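I am opening my notebook on a structure I have not looked at before. Come along while I look things up, one entry at a time.

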Amino acid sequence: MDDLKKLYGEMLLLRHFDQQCMDLKKKDIIYSGYHPYEGQEGVAVGFCGALRGDDVLLSTHRPHCHAVAKGCTLEAVLTEMMGRVTGCSGGLGGAMQFLAPEDNFYCGSVVGSNVGLATGFAMAMKQNKTDSVCMCLFGDGASNHGTFHEGLNLAAIWNLPVVFVCENNQFAEAMPVEEFVSCERISARAKGYGLEEITVDANDVEEARRVAEEAIEKCRRGEGPVLIEAVTYRIKGHYVGDPEATYRDPKDVEAAREKEPLKRAKEKLLEAGVDEAELDAMQEAVVAKLARLETWALEQEFPTLEAAVDHVGIALENAPEVRGPQSLVL
Ligand SMILES: Cc1ncc(C[n+]2csc(CCOP(=O)(O)OP(=O)(O)O)c2C)c(N)n1
């Protein structure tokens, strides 16, 4: 049970971290777009947590829990979303597009774009003859993008060490998956590229971890790529403030709460005889740790105006030219 307790502890941290971020978003302390993660923790912990430090993880517009599960510190991720200098991209990326190169973590908000990037990362890994693996997480909506099909095809032709994980949380913004995906299982699309069809109930964190480890090892042996459909459910709206009752029945959300990964792991631990007081103590420790984190984060500095043009190859005195709308015309 120790393994499950560890996975439970990691999911518990992510659940509370996500709730804290939602509160900070409502207060505009996280000021860029924030996409909640509640209910999907089995994917972050099961998949991202299975990677080594030298493996690369490419995430999306819903990246914060993936980043923490990959090994980025809570300090670096939270203050990045709060736009502070201590953030992993110096506060310049915000909540959807930040990099933590030292942790081999990257994310971006252009839906589907990371599939092509992951293929490139994996190609470099193969050429450099390392046994590192690239993991690419994207949503059910992204599986309709051209990049998904192009990336899968090339990765399969070249046997690249990349684990593609389609995090099927049942919705793309306000549209349920059955209205925009033509086949019952997104994993069935693997067959079109000569790959195995793998689907996992990612609300079972142990099963998610088992499937992740198997796929990662397969890629390390040079037998990749792998596509996995990780089935879960987005319990909160697409974004903070989403009028979700306009496109889904609140009863469905309540039903999903019965099957969410944290609740399931807790039930399993209790059935196995773990003392509830021990789990309560774990929760108290998480809450206290996150309270200390928030106090510290609020004291951190914002970047200077000069930093706004760092890394883009222009000096601030030239910035007026690039600030106007004409700068958007290439
Ligand atoms: C290329 C592109 N098109 C549209 C959007 C707007 N958009 C942001 S999130 C999103 C939904 C993506 O759904 P999915 O891939 O299932 O991920 P989820 O939000 O469910 O995690 C869309 C359409 C975008 N960011 N990029």
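**Entry 1: a loop residue**

Is Asp310 buried, partly exposed or exposed? I note first that this is a predicted model. I counted 13 other C-beta atoms within 10 Å of Asp310, so Asp310 is partly exposed; a residue needs 20 or more to be buried, and 12 or fewer to be exposed. I found Asp310 in the loop between α10 (276–298) and α11 (319–323). I also looked up its separation from Ala212: the two are 98 residues apart in sequence and 37 Å apart in space, C-alpha to C-alpha.

**Entry 2: the whole protein**

Next I stepped back. I listed 11 helices and nine strands in the protein. The radius of gyration is 20 Å, close to the 20 Å that the globule rule gives for 330 residues, so I can call the protein as compact as a globular protein of that length. Along the principal axes, the C-alpha atoms fill a box of roughly 65 × 50 × 45 Å. I see 41% of the 330 residues counted as buried. Of the contacts with a separation of 6 or more, 73% are between residues 24 or more positions apart.

**Entry 3: the sheet**

I wanted the strand order next. An open sheet of seven strands runs β2-β3-β1-β4-β5-β9-β8, and its pairing is mixed. β2 (99–100) and β8 (198–201) stand at the edges with a single partner strand each, so one side of each has no neighbour in the sheet.

**Entry 4: strand β5**

How many residues of strand β5 are buried? I got seven of the seven in residues 162–168, so β5 is largely enclosed by the rest of the structure. As a reminder to myself, side chains in a regular strand alternate between the two faces of the sheet. In β5 I find Val162, Phe164, Cys166 and Asn168 on one side and Val163, Val165 and Glu167 on the other, all buried.

Then I checked the partners of β5. β4 pairs with β5 in the parallel sense over six bridges. Within this pairing, Met135 has Val163 as its bridge partner, and Leu137 has Val165. I followed the chain from β4 through helix α6 (residues 146–157) to β5, and this β-α-β crossover is right-handed. With strand β9 (residues 226–231), β5 runs parallel and is joined by six bridges. There I noted Val231 of β9 as the bridge partner of Asn168.

**Entry 5: around the ligand**

Which residues are closest to the ligand? I have Val111, Gly139, Gly141, Ala142 and Ala172 as the closest of the 17 residues that surround the ligand. β4 (134–139) and β6 (171–172) are the elements that give two or more residues to this shell. Sorted by class, the shell has six nonpolar, seven polar and four charged residues.

**Entry 6: a helix residue**

My last stop was Leu269, which is found in helix α9 (residues 261–271). I counted 19 C-beta neighbours inside 10 Å, so Leu269 counts as partly exposed. Leaving aside neighbours within four places in sequence, I find Leu269 in contact with Met1, Leu4, Lys5, Tyr8, Val274 and Leu279. From Leu269 to Val165, I noted 104 residues in sequence and 27 Å in space, C-alpha to C-alpha.

Methods. Residues numbered from 1 in each chain as written. Predicted model: local features only at pLDDT ≥ 70, side-chain atom pairs only at ≥ 80, totals over all residues. Near = placed C-beta within 6 Å. Helix = DSSP H or I, 4+ residues; strand = E, 2+ residues; numbered from the N terminus. Nonpolar A, V, L, I, M, F, W, Y, C, P; charged D, E, K, R; others polar. Pairing = 2+ DSSP bridges. Right-handed = clockwise from strand over helix to strand, strands pointing away. Rg over C-alpha atoms; globule rule 2.2 N^0.38 Å. Contact = placed C-beta atoms within 7 Å.
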